Every structure is written in structure tokens, then in C-alpha cells.
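My notes follow in the order I made them.

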Amino acid sequence: MGKRFRLAGKCAAFTVILWFCVMSVYRVLVPKFFYDTTWPTTSTYLGFYEMEKNTVDVLFFGSSHAASFFLPQELYDGYGIRSYNLGCEQQNLVTSYFWLKEALRYQKPGVVVLDCYMLFPYNPQEPLNTAESCTRKALDFMRWSAVKREAVRDICRLDENQSLLSYYLPNIRYHTRWTGLSENDFTFSRMAGRYELMGYAPLGWHGGREDFQPFAAAASAGMADMVPLMREYLEHITALCRQEGIRLVLAKTPSTAGNAAKYNTVKAYADEHGLDYWDFNEKRLYRSTGLRFQTDNADDGHGSLWGAQKVSRQTGKMLSQQYGTGGHTDRQWEDTKGYYQAVCKDCELAHETEIDDYLEALQDERYSIFISAKEECTAYLKDSSLEKLRALGLRAELEGAYGCSYLAAVCGGKTVEKSGYEELEAEGTVRDGLAAYRMKSAGAGCGSCSSIVIDGAERSKNSRGLNIAVYNHETKKLVDAVCFDTSAQENPAVR
């Protein structure tokens, strides 16, 4: 009898160890997308589970259009609306439906806002209208429950190219990633705790089309066809919201893909089901929101930070006035105000063109700063600019040093600084040695070049003057790369 117990114990121990090894490999191999990527999908979904139960008033769903336009901190700061953005890139309606079901296990929102971009053909050769990789991004970090099992069954039934077993054992799907593992794969626990933006994905550049014009709603425009499968799951979402007593709002963020025919189709569905439809491409709403497509969009369909602020403020206004949502004070959103302001600062910095204001903004402990001069950098370098450089902890002894080489790095309170009339080089690390940098500077008399390589990527503009690269060691992202031509009287910025 004793031998049997010992054998059973050994088998149990072996099973536990094997399961631990499998899960450890799984955690390493599954792709992760944190704040160091454009679409921090992993942070979105892991962060959702960190929210206190039954504290979220409004949930947003949809593709990357939704992720880049609906900004929870703005809704809270302006209206006391506690919201979370569960959108992600290429989120089809199947994914939206199951994430709504999953969200309702933890939260009791009064309103759900669904962006309708994916209702229409996007990737028609794919059974789910979107790339398989994007469906996986959204499902990989959903917790296992009856909801996820149902989601996996439906996805694999609808798309025969997807394997049921690969969802239960992701190692099957990602086994080739061994050769492409990155730092994120080994710092999962630390990075997974970063969800301060509550699903919002900030884009800090302007790139909307200059010739964009909002459309005027008109019956004569006809109607566009929804993808049948997308409409089917829209029906599921509508029914689930009605069953749970949730007010469903259909929306479309600013996009060149919007038109009157699509508007008519969604509006007809909304009217049929007693829903509101907010289309920010429709002339009346577009203008009342104060949108300017060229600067408020980052491209044809995604919002810049400034566009997200406008759309979110308008959304907060409508939610407050039409649904009585808001008026809350909650520690979770109070605690993230500072982080959001820092994100805004990062985005604004990349558009600053006045050298002294720029250098003053660099006094931020989140930043590592790299400076490399090329050609002549002192002819019109102002005394006030030298003082700003010294405020960063540099000597900046450049008065009268015409044609000199100069490089400097300020990382975690430590400085490296060199000047002279030969080609200069320096190297070191940031983020406690996790990322390396290499720098080079050559002035007017010794080759004229600038190089700033951070974590393997060249960041110098390699232009005349002071080339500056700013790296945020918290988000592991480049904030900005610029050159101020300090050999020209106006010190123009080159990006």
C-alpha cells in the first residue's frame, strides 16, 4: 500500500512539474504588446482584470479606430465617467461579442459604445473579416472560463484554418517564436502591471488627409451591405445588452472609410432596434465636435491624441446629457491622471519647435537624453539655450567653440559629455543595462556626422546643429528625435 501511495505521489508531482513547465513555456512564447508598441493590446486586456469589480460605467469596443479615439481619462476628468476601452486592432464583431460577455463577469456597465467600422468588408478573404493574428491577440489574454471556451469553439467553427487545440496549448501556434523572443517575453510580470491608459492607445502625430470632408446624411446615397457574419454578431451584442439592461450605442469615429451609404445602413439598424448612432463623419456631429481631420487624425482612420481628446469630450457630453452617466469620483481614475498628463507631454514634445522650450521640457526623470552635434553647432547657439543644457546637468562649455564636435547623454541622473575638434564617440546603457546606446559626433573640420543608436536603432536626424533623441525608459519608447540647426539664426527644428 505504501508503494502505491509513493507512486501516486510521484505521478502527481510529475504532473504538477510538467504543467508548470508547459505554462512557463506558454507565457514566454505568446506574443505580448505593452506600452512600448503602437497597440498595447496585452496591457488592455490584462489591465481590465485589475479594475475593481462593478466600477466601470461605460465600456468601449471596436477596432483600432476605437482604441485610438475613445480616451477614458478624458471622460473621467471632464464628466466623472468611469470607462474602459476594450477595443483592439481589427477587432471583429465576434471578438467584440465575446469580450463583452467576458467583461460582464466583472463589471456592470450602464452603457456600451460599439464602433461600427468592422461591420463592413475589411479583409473579405478571411472568414472573420480580420487577420487571424488579431483575433489571437484579443483572445490570448482572456482568462479561461466558459466564455473563452465558447469563444474558441465559435471562432474555430467559423474559421476552419484555426485550431481548437492551439488555443488550449498556444505553444502549438507560437513554437517558431523561439528565434524572435524579445525583452517583453521575459519581463511579463513587470510590464503586465502597466494599464494606466485603460485600453486607450495614444498616437502622437498628425497625418489626416487635407481634403477630407464630412458627409451630409442623405437617403439618396443608398445603403451599404454589412458582412453577414458581422451583422449576426451585432444582433448577439444587441440582444445581450438588452438582456442585461445595458444601453447600447453604435458609433463611428472619424475615418475616410465613412460615407453616407454606410451611415444609412447603421442608422436603419439603430432605428429598428431603438439605439442611438453617433457617426463623427456626419457633418453635423463632426462640426459640433470641432474636428479638423488633418491634425485630429493620425492617418485615414486612427485618431491622434488631440482628435481623441475632442471625440472623447463630445462623447462624454452626450453620455452625460442623454444617459445621465458620470459624476463619480474614483481612486482608480484619480491615480492615473498624472500618467495621462505625462503621455500628453510626450506627444506635445514631438511637436515643439522652439529650442529653449524644448530643452526645458527635457527636465523629466522619465527621460534619457542624447545629444550629438554635426558640422557647425555654435554660430547661433543662444546663451539661454546653454543655460537650459546646464540645467540638465551638463557643462555645455560651447561658447566660441566654432566647428567643434560635441556629444552628451543624460541617463538616470548620470551624464556623459565630450567636446573637441576630432570625431567623438561614446557608448553606455539605459534602463539598468537592458538597452545599449552608441553615439558619434563630428564637427565641421572632421567629417561632419552625427549618430545616436539606441537599442539597435539609429535615432539621429544627422542634420547640421544639435541632434537630440529623447527616450522614455518607463515605456521603452523613443519620445522624439529632432535637430535644432543652431548654425541658423532662428534655430529651426528639423524632424
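**Entry 1: ground rules.** Before anything else I wrote down what a salt bridge is: a side-chain nitrogen of Lys or Arg within 4 Å of a carboxyl oxygen of Asp or Glu. This is a predicted model, where local features need pLDDT of at least 70, side-chain atom pairs count only at pLDDT 80 or more, and totals for chains, interfaces and linings use all residues. Residues are numbered from 1 along each chain as its sequence is written, and side-chain values use heavy atoms, with hydrogens and water left out.

Entry 2: I looked up pLDDT, the predictor's confidence in each residue, from 0 to 100. The protein averages 92, and 90% of the residues score at least 70. Residues 18–26 fall below 50, and beyond near neighbours in sequence this stretch has seven contacts in the model (contact means heavy atoms within 4.5 Å). Where pLDDT is low, the predicted coordinates should not be read in detail.

**Entry 3: the whole protein.** I found 19 helices and 15 strands; these are DSSP runs numbered from the N terminus, helices being H or I with at least four residues and strands E with at least two. Of the 495 residues, 57% are buried. My cut-offs: buried is under 20% relative accessible area, exposed is over 50%, and partly exposed is in between, with a 1.4 Å probe and protein chains only. The protein exposes about 21300 Å², and carbon and sulfur atoms supply 50% of that. Such areas come from the Shrake-Rupley method with a 1.4 Å probe, and for residues only the protein chains shown count as cover. Among contacts between residues at least 6 apart in sequence, 72% join residues at least 24 apart.

**Entry 4: salt bridges.** How many salt bridges does the structure hold? I got 32. I picked lysine 310 and aspartate 296, whose closest N and O atoms are 2.9 Å apart. Lysine 310 sits in helix 15 and aspartate 296 in helix 14 (residues 293–296), so this pair ties together parts that are 14 residues apart in sequence. Lysine 310 is partly exposed at 25%, while aspartate 296 is buried at 2%.

Next I checked lysine 345 and aspartate 364, which meet in a salt bridge at 3.0 Å, N to O. This pair links distant parts of the chain, with lysine 345 in helix 17 (residues 337–349) and aspartate 364 in the loop between helix 18 and strand 6, 19 residues apart. Lysine 345 is partly exposed at 27%; aspartate 364 is buried at 17%. I also noted a network of salt bridges that links Lys345, Asp346, Asp364 and Arg366.

One more: glutamate 196 pairs with arginine 194, with the closest N and O atoms 2.9 Å apart. Glutamate 196 is buried at 19%, and arginine 194 is buried at 19% too.

**Entry 5: helix 15 again.** I went back to helix 15 (residues 305–323) for serine 312. Is serine 312 buried or exposed? It is buried, with a relative accessible area of 0%. Not counting residues up to four places away in sequence, serine 312 touches Phe69, Phe70, Leu71, Glu74 and Leu75.

In helix 19 (residues 383–391), I found Ser385, Leu386 and Leu389 buried. They cover an arc of only 100° around the axis, so they lie on the same side of helix 19; the arc is that of the directions from the helix axis to the C-beta atoms. Helix 18 (355–361) and strand 6 (367–375) are among what covers them. After helix 19 comes glycine 393, with a positive phi near 105°.

**Entry 6: two tryptophans.** Tryptophan 39 lies in the loop between helix 1 (2–29) and helix 2. Its C-alpha is 8.5 Å from that of proline 202, though the two are 163 residues apart in sequence. Leaving aside neighbours within four places, the contacts of tryptophan 39 include Ser64, Glu89 and His302.

Tryptophan 144 is in the loop between helix 6 (132–140) and helix 7 (146–158) and is partly exposed at 36%.
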